[in-house]
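Subject: Structure for you to look at

Hello,

Here is the structure I said I would pass on. My notes on what turned up follow below it.

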Amino acid sequence: MRAYFNDIPRTLLTMAYWAFVLYLLVPLTLMMAMSFKDANFVAFPIGDWTLRWYAQVMQDRQFLEACLYSIVIAAAATFSATVIGVWIAMLITKASSRWSGVLFALACLPAVVPGMISAISLRVFISTIDLPTGTAAIVLGHTVHAVPFVVVMALTRLRSMPPNLVDAARDLGADSIIAFFRVTLPYLGPAIVGGMIFCVLLSVDDFVRTFFLGGYRPTLPMLIFAKVQGGMSPEINAMATLVLIVTAAVGLYAEYMTRRSRSR
Amino acid sequence: MKDFTASRRTTLKLLGGAAAGALGVPYIIRPRPAWAQSKVLNVTTYDKFLPADFVEKFQKDTGIQVNIRLTDDQGKQYNLLAAEGANPSTDMVTVAGHRYTQFIASNLLAPLDTGKIPNWKNLNPAYQNAPWTKVNDKLWGLPILAGYEGLAINTNYVKDPQSWDVMFDEQYKGMTSYVVSDFMTIVMKYLGFDGDFTTYVDKPEEAQKATNAARDFLIKQKGMVRKYYDAGSEVQQMFLNEDIYLAQCWSGPAAKLIAEGHPIRLSVPKEGTFGFCYTLNIVNNAANAENAYKLLDAILADPAVGASMTRQSGFASTISGVPELLNDLERAANSLPQEQVERIVFFSSINRDMKNEMIDKATAEVKAA
Amino acid sequence: MNSGLYQATLGAAVASQAGRLVLLAGVPLLWLVFMHIGPIYQMAKISFLVQYPLQAGQEASYTLANYAIFFSESIYFLPLIRSFIFSFAATAVTLIVVFPVAYYVAKVVRPDRRSKALLLLLVPFWAGELIRTFSVIMLLANRGALNVLLRELGFIDRPIPMLYTSFSLGFGLVYLICLYMLLPLYSSIEKIPKHLLDAAADLGAGPVTRFRRIVLPLSRDGIVSGCSLVFLTCIGVFATPMLLGGPTTVMFPETISGFFHGASDKWPVGASFALIMLVSALTTAGIFMRLVGGKATKLM
């Protein structure tokens, strides 16, 4: 009887999931197909197919350097935004209800500001603190942009965390810091991972702040924007396709490794 | 009071610096920022405008290290320089025609001394003393590319239009596109007004009346247009996807499609249009101005650079010897019948404040309507 | 962790009330004040200036006129309203579309396949905002995949103009931001105890009742977070509406950027408009959280 009731929603949910996967993947598949087009502009019909764009992109030192630089910046920004974001979220949950509202609004501020305005104000700001443009400034800018996302993700779980968990740890003699690292942090796990994914994506995607805060070493989005300016060429699609394939492979490998370490 | 401000500022610096320092420790160790060194030149320009082998040769010949910041948009370039104020992080910028006077008026550029550019003679004579290049009797940039705002059509669907009228023809409803601010000045011309405001000096009422007429016309025609675009790559994509058959289009992006063999034609309708130049400019207070002069001279000496710029942007080069390096299609893409060439009026450099102010406001109104 | 060094430093701090407060609030408060307010403060200062950038030797003079422009000219009001309506609609649609997906991944998929199911949803986002926007154009254009398909199947003779409409804008917006809904929802649904659902089913509660009485209340935190992230991102997003929208869907960020990108120098006006948007968006999000969040959240 129970299985019967379970089945209809289950089927519907499965369908919803796969429909959503299609929605996400179909436009991207078109984008990838275009990377094989033998012409200087992207458009249907594809006509002749070629691999020359891949040959060109893989020999393009500028592209590889931009990818590496983007990864370095993303890693630094993700690390700092995660630490600061979780810290702010802890403060918000501990604050009195009046203050938590104010703090939360403050924490969200950078997420709402349109990119250009945020970039300009950051540029003016770093010159008032005498920080030169460059990698440090870019990382700072990306961190500021990403912190709200970590805060919101962490709060999603913190708010409904059973208070007795921490109390129990305290009863066992742990002080606040130890209780945080042993109890709260593991409980926050999935939310923090989600927040970190946002950080990396925001950093890897950011163009305007990077342009204003650094600039002479192009990051991947800077390179892509600059190339689009001269016309949407399949070369850009080939770059994006390579990025997708590599990230998917890394993701699968990481998933495989975590599963193997768990099953041990 | 003064002390208080100073100390608050210092605290701000300390704390901000500490936070930033903690984030970027490995990178901050570098002793001096790159732009403070003497054998360096920092250039902000478009992708492929300076070919890699040219830059390499220039670096080898002069010992100057060239750093290139790629830009994709005039607004960003302007905002960055404006935000940096008296300490620009770049020595050279690449400014498009309608921005030229804005950069000058905001004190962002340094006047150019052609005496320091031995190869100045290699610039096409038509641009060596063009009146629009002079503001306050000084020259502020090296013209590198010339273009105009043309009428682009898909020849499979539209037959040889002679007038801007065709943009408002019911038969092409939902098949047109334009950049609102650019097209507004053309519409003013089309309606019989002065779209470049040169005759409106000290006549703000008359100018406002003309602007309002164009604005109201465009609002009335809002149902006709498919999209207001901003970037050349957008209008290229719309033509390729056949989302539009007609557009007001800068000559560069259209010429690139034509050179690829797409069924696009570019013309100047009988009411006329405006022309403009891209210029390479030395920034006001540039730390490496002398090196910038060397680069400008090297660019004029080597037509391959101009050819690369033309291939990347589609616009015609202003440097002698470049057309010889292009293939037939690339040359044809930028050629116009003489009678149409004569319909192009270069954007002037007078009365810009009034023009920019009124056109920007009217643009916002058209978009919001 | 219990080394002497720890006892002498952090341990000592934790032992006292004041020490605990500094540990908890020190870094976050400094960060919020300097890094979140700092840049915005610069912008706010500019928004009261008569002119910016200042010419050499020019004294700064302040005015309220930049704000007055917004309230005195109705043409700027319309894009703001449009931005809000679109962001609300996009948030609602995203919630409805993504909720079943998040539930499926969190509760229906076998746990050992869960991370793969999530990965499949995550990968598309690595292509970047611009590329994903162009992908949508490839799908919806007059000669895009959808129109070609419909014509091949004989449903239409002439392409349906789908691009540069409210539809393409909505489609693209949801496409870009659904991840901001997915992860908070997943994180909150994932922690709903399975035995609670089983027990309810044993007691005869149908799927609808279980959803209404258990899943919905217990995933409320995720809904609130996801909706706030999506809404706040939507309000500030700039490139996508410009690339996918049409002449009648000009949003407020585009209006603002007009002041920064235009040929006339209007930074102070743009800055004041940005602050108006900031305040109204945060207020709206705050009201929403108070209404939906209810007593379960300690927020606000």
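The contact between the two chains takes 36 residues from chain B and 37 residues from chain A; two residues are in contact if their C-beta atoms, placed from the backbone, lie within 7 Å. This is a predicted model, in which local features need pLDDT of at least 70 and side-chain atom pairs count only at pLDDT 80 or more, while totals for chains, interfaces and linings use all residues. Residues are numbered from 1 along each chain as its sequence is written, and chains are lettered from A and ligands numbered from 1 in the order in which they are written.

On the side of chain B that touches chain A, two or more residues each come from α1 (2-23), α2 (25-28), β2 (65-70), α4 (74-84), α9 (232-240) and α12 (303-313) of chain B. Helices (H or I, at least four residues) and strands (E, at least two) are DSSP runs, numbered from the N terminus. The largest share of that side, six residues, is from α1(B).

Chains A and C also meet through helices. Helix α5 (residues 115-128) of chain A packs against helix α2 (residues 17-47) of chain C at an angle of about 100°, with the axes 8 Å apart. Axes are lines fitted to C-alpha atoms, for helices over the stretch in contact, and angles run from 0 to 180 degrees between N-to-C directions. α5(A) is therefore roughly perpendicular to α2(C) (65 to 115 degrees; under 35 is roughly parallel, over 145 roughly antiparallel, the rest oblique). Among the residues in this contact are A:Leu122 and A:Phe125 of α5(A) and C:Ile40 and C:Met43 of α2(C).

Finally, chain A is assigned domain 1 (1-26) and domain 2 (62-232), with bounds from an automatic or database domain assignment.

Regards
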